Amino acid sequence: MDKAKILKWKFLFLSTLIFILWYTVRTPRTYSPIPQPHGPPKTCPLRISERTITPLNNTKHLLVSAYMDQREKGLDIRIIGIFKRDSIQPLYCLFCCAGQLLSKTTPATILQHSDNFGFPFVTTDIMCQIPQNCMATHVSLLTQPDSKMVFNQTWLPIRNQKTNEKEEKKLQFNFTVCISNLFGDYNNVLQFAQTLEMYRLLGVDRVVIYNTSCGPDLDRLLQSYSQEGFVEMVPWPIDHHLKPSRGWLFSESGGDLHYFGQLTTLNECIYRSMDRSRYVLLNDIDEIIMPYQHNNLMSLMDMLQQQHPNTGVFLIENHIYPKKPFGGNETGLLHQWKGVPGFNILEHIYREEPNRNIYHPHKLIVQPRMVQQTSIHEVLMKYGEYLKVPPDVCRIIHSPISMPRPPEQLHMDTRLWDFTDKLLPSVTTVLRRAGLLGSQGQE
């Protein structure tokens with residue numbers, strides 16, 4: 001081929017290439033390269049909340065956590081939140097399905113808890129149904145049904161995910177204690193250590209504590225327990241979002257929320273423990289649920305469940321043990337751990353007889369899978385039956401910081417002393433491990 005023909009073919013090739021490029025630029029694109037009848041897929045989640053309290057965009061509400069809960073037909077996800085009662089509006093659930101953003105939202109069902117004690121904010125459950133063919137891993141709430149503008153949404157991971165295994169997942173714990181809430185400069189180290197070690201002797205496997213703040217010595221003790229794995233510390237910075245009340249009644253204490261969100265944390269702890277613990281104990285740190293006919297909680301519950309197989313809620317009567325009101329040295333064991341902040345619960349051996357002619361509070365042992373909503377002294381929504389456990393079988397040893405009572409109103413009860421042979425060395429060990437014993441205790 002001569003040189004003229006070669007130049008001619010090059011000219012035609014370049015002319016054709018220039019025409020194609022010009023046409024591509026000038027011609028508007030009217031099609032998607034991959035047909036998507038429901039819009040292009042988007043990966044998700046974009047921003048996952050790692051906080052225990054998450055503000056809900058465009059509202060005055062707070063979100064805490066989301067759990068798989070398919071015990072009610074047509075409802076699959078329970079989001080635990082704190083809502084302002086006078087600002088409830090329709091909400092819509094948006095799901096992340098195995099990494100893909102679902103194009104449609106589903107309307108949410110909003111269930112306020114009946115116990116609010118007059119406060120403006122109340123514990124609230126937001127129930128959502130998962131769309132078909134969606135392996136939901138995260139959920140977000142919207143104030144509008146349109147899911148297009150979700151770039152700034154915060155997603156909650158869905159916990160208690162179900163597996164495809166036919167066999168029921170083996171529970172990790174038999175007994176979990178839920179403690180709510182620590183706040184202020186509370187620094188009663190000795191009572192805390194004694195109570196936690198007493199729980200351990202009774203068969204408790206784990207203690208969950210929702211912590212807003214506490215004293216420095218108690219913080220050191222709790223960090224030591226956390227490293228060991230016996231205590232699970234849940235940060236609870238409720239005071240960063242609301243003005244929490246230090247009292248239980250709005251008309252007396254004011255504030256936004258009952259007792260630093262105690263009702264919310266108790267409910268959250270039940271769902272946190274639902275797939276991990278056979279039983280959950282709902283009581284305060286100055287209370288010990290004490291069996292009187294058994295030496296541990298498992299023997300007690302085995303007997304109660306055998307006698308009452310359909311029961312999921314066990315009410316334990318509260319008995320107050322004020323500080324020892326008069327002299328004497330009945331044990332000789334009351335001078336351990338000198339210099340450790342707090343008081344010795346082994347001195348609280350005198351029990352008040354409760355007045356059962358008026359309302360008398362109880363605390364709870366529950367099977368978490370049989371509870372939907374709980375309050376402090378009773379379960380609000382449940383499956384199955386409840387039982388008031390006779391006090392001669394089990395009662396609460398409640399040792400508050402309180403004024404002494406006249407001796408004629410009290411009855412000696414040294415049940416705690418039955419455990420001193422094991423309790424004393426175990427408390428000494430944990431105090432030493434946390435570096436909280438003085439020179440006398442070290443000896």
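Axes here are lines fitted to C-alpha atoms, and angles run from 0 to 180 degrees between N-to-C directions. The model is predicted.

Q: What makes α3 roughly perpendicular to α7?
A: Helix α3 (residues 216-228) and helix α7 (residues 420-433) pack at an angle of about 100°. Their axes are 9 Å apart. Angles of 65 to 115 degrees count as roughly perpendicular. The angle falls in that range, so α3 is roughly perpendicular to α7.

Q: Which residues of α3 and α7 meet?
A: From α3 come L221, S224, Y225 and E228. From α7 come V430, L431 and R433. By class, this contact has four nonpolar, one polar and two charged residues.

Q: How do you know that the buried residues of α6 line one face of the helix?
A: Start with the residues themselves. In helix α6 (residues 297-307), L297, L300, M301, L304 and Q305 are buried. Seen down the axis of α6, they fall within an arc of 120°, so they line one face. Q306 and Q307 are on the other side of α6. These two are exposed, a word that calls for over 50% relative accessible area.

Q: What does the side chain of N296 reach at the start of α6?
A: A side-chain oxygen of N296 comes to within 3.3 Å of the backbone nitrogen of M298. The cut-off for a polar contact is 3.5 Å.

Q: Why is D125 called buried?
A: Buried means under 20% relative accessible area. D125 has 1% relative accessibility, so D125 counts as buried. The residue lies in strand β8 (residues 121-128). Leaving out residues up to four places away in sequence, D125 touches R78, I79, I80, T109, I110, L111, H113, Q372 and Q373.

Q: What makes the pairing of D125 with H113 a polar contact?
A: The distance between the two side chains in this contact is 3.1 Å. A polar contact needs a pair of N or O atoms within 3.5 Å. The pair meets that cut-off, and the side chains of D125 and H113 make a polar contact.

Q: Is W417 buried or exposed?
A: The relative accessibility of W417 is 19%. Buried means under 20%, so W417 counts as buried. W417 sits in the loop between β23 (410-412) and α7.

Q: How far apart are W417 and L346 in sequence and in space?
A: In sequence, W417 and L346 are 71 residues apart. In space, they are 7.1 Å apart, C-alpha to C-alpha. A polar atom of the W417 side chain lies 3.1 Å from the backbone oxygen of L346.

Notes: Residues are numbered from 1 along each chain as its sequence is written. This is a predicted model: local features need pLDDT of at least 70, side-chain atom pairs count only at pLDDT 80 or more; totals for chains, interfaces and linings use all residues. Side-chain values use heavy atoms; hydrogens and water are left out. Helices (H or I, at least four residues) and strands (E, at least two) are DSSP runs, numbered from the N terminus. Angles under 35 degrees count as roughly parallel, over 145 as roughly antiparallel, 65 to 115 as roughly perpendicular and the rest as oblique. Contact means heavy atoms within 4.5 Å. Ala, Val, Leu, Ile, Met, Phe, Trp, Tyr, Cys and Pro count as nonpolar, Asp, Glu, Lys and Arg as charged, and the others, Gly among them, as polar. Buried means under 20% relative accessible area, exposed over 50%, partly exposed in between (1.4 Å probe, protein chains only). The arc is that of the directions from the helix axis to the C-beta atoms. A polar contact is a pair of N or O atoms within 3.5 Å; within protein, one must be able to donate a hydrogen and the other to accept it, and residues adjacent in sequence count only if both atoms are side-chain atoms.
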